[in-house]
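Biologist: I'd like to go through this one label by label. Can you tell me what stands behind each term you use?

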Amino acid sequence: MADNTLFEHQRFEQPNFPITLHPWTLPQNYYVLPHWHESLELLLFTSGQCTVEIDGVMTDAPAGTLIIIDALRIHRINAIQSSEYYCLTIDKNYCKKFDYPIGKISLRNKTGDKCALAHYEAIIREMEAGKPYYKSMVQAEVLALVGLLCRESSVPGAGADFEQSRRQLEMVRKSLIFLSQHYPEPLTIDKICQEIGFSKFYLCHEFKSATGKTIVDYLNFLRCENARYLLWTGEHNVRECAERCGFNSDSYFSKTYKRWMGELPSETLSKGQKARGRS
């Protein structure tokens with residue numbers, strides 16, 4: 001949890017089978033730090049309640065939801081309740097081999113399509129059973145699933161407009177990376193824009209358009225979310241957590257934390273203590 005490295009290098013042990021499937025369990029209030037990778041990742045949530053943030057856009061992920069994480073998208077997972085999900089990763093080159101335009105079209109972040117879920121569940125059964133020829137069966141289901149997503153879950157308006165949107169998202173992605181790496185530091189809009197290399201008006205406008213939050217709101221949200229983790233561990237008091245996450249005023253920290261996390265920092269600290277049996 002202490003490592004803020006964003007790029008995740010994905011390895012496929014078998015070059016002729018560039019597909020991985022892993023089950024994951026997240027305890028309540030656990031969150032996965034922001035990261036990104038070059039391959040398509042599909043998350044099927046089977047229990048609990050999570051939120052998944054993709055390029056700054058928050059998406060609810062209750063049980064039965066398929067979350068689509070396109071190549072190069074910065075994403076994080078936050079477990080509102082204890083949750084379980086499967087993570088299916090498909091090598092980008094495998095998709096290209098079959099002319100699926102991953103990375104060239106924009107896929108919606110979420111689907112509950114019954115056919116897509118059926119393909120995913122078939123992949124789980126084959127992978128877990130491991131019967132003869134299961135790899136061939138899995139690859140057939142994966143190709144059908146990806147083809148369906150490209151057909152049914154792509155965002156209209158590709159082409160020149162999409163390329164322009166893609167360039168704008170790259171700028172926003174660069175901003176998200178910078179904020180995630182420097183949130184504990186004193187930051188101003190002018191400094192952020194200088195580091196990213198765009199004018200204040202343009203960057204602020206495109207950031208708000210892509211994420212639904214202003215840069216300041218997102219920075220405060222990021223600081224509060226990291227403070228929540230520190231509070232939950234119980235390794236630091238409220239003031240220390242505030243300082244470690246970039247707040248220099250206790251009252252402003254409490255007010256901002258209540259806005260984004262829905263409770264006071266002291267309440268999160270107390271809940272963490274109870275969860276660890278220290279009440």
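Biologist: At what angle do H7 and helix H9 pack, and how far apart are their axes?

Modeller: This is a predicted model, to start with. In it, H7 and H9 (residues 250–261) pack at about 95°, with 9 Å between their axes.

Biologist: What makes H7 roughly perpendicular to H9?

Modeller: The label covers angles of 65 to 115 degrees. The angle here is about 95°, so H7 counts as roughly perpendicular to H9.

Biologist: Which residues make the contact?

Modeller: On H7, Asp217, Asn220, Phe221, Cys224, Glu225, Ala227, Arg228 and Leu231. On H9, the list is Tyr252, Phe253, Thr256, Tyr257, Arg259, Trp260 and Met261.

Biologist: How do you know that the span of H7 agrees with what a helix should give?

Modeller: H7 covers residues 215–233, which is 19 residues.

Biologist: Is H7 mostly covered or mostly open, and what follows it?

Modeller: Mostly covered: 16 of the 19 residues of H7 are buried. After H7 comes Gly234, with a positive phi near 75°.

Biologist: What about helix H2, how does its reach compare with the expected value?

Modeller: H2 has 16 residues, 114–129, and goes 22 Å from first C-alpha to last, close to the expected 22 Å. Its buried residues are Ala116, Leu117, Tyr120, Ala122, Ile123 and Ile124. The cover over them includes strands S1 (19–26), S3 (40–47), S6 (66–69) and S8 (83–90), along with helix H3 (134–152).

Biologist: Staying with H3, why is Val138 called buried?

Modeller: Val138 is in H3. Buried means under 20% relative accessible area, and Val138 has 0%, so the label applies. Beyond its neighbours within four places in sequence, Val138 is in contact with Phe17, Ile19, Ile123, Glu126 and Met127.

Biologist: Phe17 again: which charged end sits over its ring?

Modeller: That of Lys135, 5.6 Å from the ring centre. There's another such case, with the charged end of Arg223 over the ring of Phe247 at 5.9 Å from the centre.

Biologist: On to the rings. How many aromatic pairs does a search of the whole structure find?

Modeller: It finds 11 aromatic pairs. One of them is Tyr94 with Phe98.

Biologist: Why is the Tyr94 and Phe98 pair called edge-to-face?

Modeller: The ring centres are 5.3 Å apart, inside the 6.5 Å limit, and the planes meet at 65°, over 60, so the pair is edge-to-face. Tyr94 has 7% relative accessibility, so it counts as buried. Phe98, at 36%, counts as partly exposed.

Biologist: What makes the Phe198 and Tyr202 pair tilted instead?

Modeller: Their planes are 40° apart, with 5.9 Å centre to centre. Stacked needs under 30 degrees and edge-to-face over 60, so 40° falls under tilted. Phe198, at 34% relative accessibility, and Tyr202, at 29%, both count as partly exposed.

Biologist: Which residues do ring pairs link into a cluster?

Modeller: Phe207, Tyr218, Phe221 and Trp260. Phe221 of H7 and Trp260 of H9 are also listed in the helix contact.

Technical notes:
Residues are numbered from 1 along each chain as its sequence is written. This is a predicted model: local features need pLDDT of at least 70, side-chain atom pairs count only at pLDDT 80 or more; totals for chains, interfaces and linings use all residues. Side-chain values use heavy atoms; hydrogens and water are left out. Helices (H or I, at least four residues) and strands (E, at least two) are DSSP runs, numbered from the N terminus. The expected span of a helix is 1.5 Å times one less than its number of residues. Buried means under 20% relative accessible area, exposed over 50%, partly exposed in between (1.4 Å probe, protein chains only). Rings of Phe, Tyr and Trp (its six-membered ring) pair if their centres lie within 6.5 Å; planes under 30 degrees apart count as stacked, over 60 as edge-to-face and the rest as tilted. A charge sits over a ring if NZ of Lys or CZ of Arg is within 6 Å of the ring centre and within 35 degrees of the ring normal. Axes are lines fitted to C-alpha atoms, for helices over the stretch in contact, and angles run from 0 to 180 degrees between N-to-C directions. Angles under 35 degrees count as roughly parallel, over 145 as roughly antiparallel, 65 to 115 as roughly perpendicular and the rest as oblique. Contact means heavy atoms within 4.5 Å.
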